[in-house]
Each structure stands twice: as C-alpha cells, then as structure tokens.
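Q: I would like a close look at how one pair of packed elements is arranged in this model, with the cut-offs spelled out as you go.

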Amino acid sequence: YTAQGVQKEAAPDYQKYVTEIFLRAMRGFDFTKEFRDVVKSAHRLLPYFAFPDGALPPVGDSQGDKKVSPLEKNGASDLVRIRGTDVVLKDLSRSGIVIARSAADIPFPEQWMLYFTGMAYTKSHKHGDELSFCYFNSGQPIITDPGKYAYEYNKWRDYALSANSHS
C-alpha cells in the first residue's frame, strides 16, 4: 500500500481483495498500528473507487465485475464547487490515482465518475495504461479499459496488456 492507502498492484479489484484479506487477518493477528491504519484507509477508499453502480473500474487486471458499496456520503474535505455544482474530488495523485465524480446525494441516473490512473509501482497486475481513464455516466460505463481479459497468455492477452488497448 501507499501511504494514502492505495494498493500498489494498480487494479481496483486487488484493492478490494487484498484489503478484505488483511481486514480478516487483523481479527486474529497482531499488526503494527501503522499497518492497521493503512489497511483501514484502503477500506475507506473502496466506495470512492466504485462507479455509481458499485462496480469497480476495469483497470489493470480488474475485470469490472466486482462490486462494492458505492459512495453514499460526500466527504466534506473532498467536495469542490465547479460551475455551481458540487463535485467530489479524491486526490490520490501521490499514489497515481485521481477520482472526480458527482456528489453522492444526486439521483443515480444523473451520477457520473472519472477514474484516472498513472501509477507505476509494479508490473504485477499492471497493464500498459499509463495515464488512462474510465468514464461512467447516466447509469453505465461510457469509456473503459479492457480489464484482465484472461490470464492465459496468447495474442489477445498481450493486446489487453498493451498501451494500444487502453483509453
């Protein structure tokens, strides 16, 4: 994890998966307070990572089929006003992610989200998607990345990993 609580494998599915494993492990094992705090921060980030329908963006080796509870409450420190509209801006840029989204309290059909990524911590579960983004609007993904595609290595997996297949 980064100091901001972002899992370094560059895939929102792994943010969920690894964080849930550590949350379960923390019930029976002693970890440092610093590590427990980072894992709790990682868990609090999951609703920000989720599209308004709860799906995690298909970035890196994420498939886009994992769901979490979407953002239900705006963090006051994350709200900015743009052209008279409240926008949630989650600045995780030190960790390689910035999320801009509609405020959580507007009706679902009107919600939107932009998920930007540009991290390069590891090649594990990472694709050639430097500075790529996913965009969700009007109840559906509009621009996405290919996600995992498959773990069997062939020409289609190679393409899914390449920069050419990303936004």
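Where helix 1 passes helix 2, is the crossing left-handed or right-handed?

A: Helix 1 passes helix 2 in a left-handed crossing, a label used when the near helix is turned anticlockwise from the far one by less than a right angle, with right-handed the label if it is turned clockwise. The model is predicted, so local features need a pLDDT of at least 70 and side-chain atom pairs count only at pLDDT 80 or more, whereas totals for chains, interfaces and linings use all residues. Residues are numbered from 1 along each chain as its sequence is written, and side-chain values use heavy atoms, with hydrogens and water left out.

Two packed helices are described by the angle between their axes and by the distance between those axes. Here the axes of helix 1 (residues 12-25) and helix 2 come within 9 Å and cross at roughly 140°; the axes are lines fitted to C-alpha atoms, for helices over the stretch in contact, and angles run from 0 to 180 degrees between N-to-C directions. The two helices are therefore oblique to each other, the class left over once angles under 35 degrees are taken as roughly parallel, over 145 as roughly antiparallel and 65 to 115 as roughly perpendicular.

At the residue level, Pro12, Gln15, Lys16, Thr19, Phe22 and Leu23 of helix 1 meet Phe35, Val39, Ala42, His43, Leu45, Leu46 and Phe49 of helix 2, contact being heavy atoms within 4.5 Å. By class, this contact has nine nonpolar, three polar and one charged residues, where Ala, Val, Leu, Ile, Met, Phe, Trp, Tyr, Cys and Pro count as nonpolar, Asp, Glu, Lys and Arg as charged, and the others, Gly among them, as polar.

Ala42 is in contact with Tyr1, Gly5, Gln15 and Thr19, leaving aside neighbours within four places in sequence. The C-alpha atoms of Ala42 and Gln15 are separated by 7.2 Å, although the two residues are 27 apart along the chain.

Of its 20 residues, Phe49, Ile97, Ile99 and Tyr115 touch the most other members. At least two residues each are supplied by helix 2 (33-49), strand 2 (85-92), strand 3 (97-102), strand 4 (112-117) and strand 5 (132-137), and the largest share, three residues, comes from helix 2. Ile99 touches Tyr48 and Phe49, as well as Val88, Leu89, Lys90, Met113, Leu114 and Tyr115, not counting residues up to four places away in sequence.

As for the setting of the pair, the protein chain has three helices and six strands in the order α-α-β-β-β-β-β-β-α along the sequence; helices (H or I, at least four residues) and strands (E, at least two) are DSSP runs, numbered from the N terminus. Of the 167 residues of the chain, 44% count as buried.

Definitions and conventions: A nonpolar core is a set of buried Ala, Val, Leu, Ile, Met, Phe, Trp, Tyr and Cys residues joined through side-chain atoms within 4.5 Å. Buried means under 20% relative accessible area, exposed over 50%, partly exposed in between (1.4 Å probe, protein chains only).
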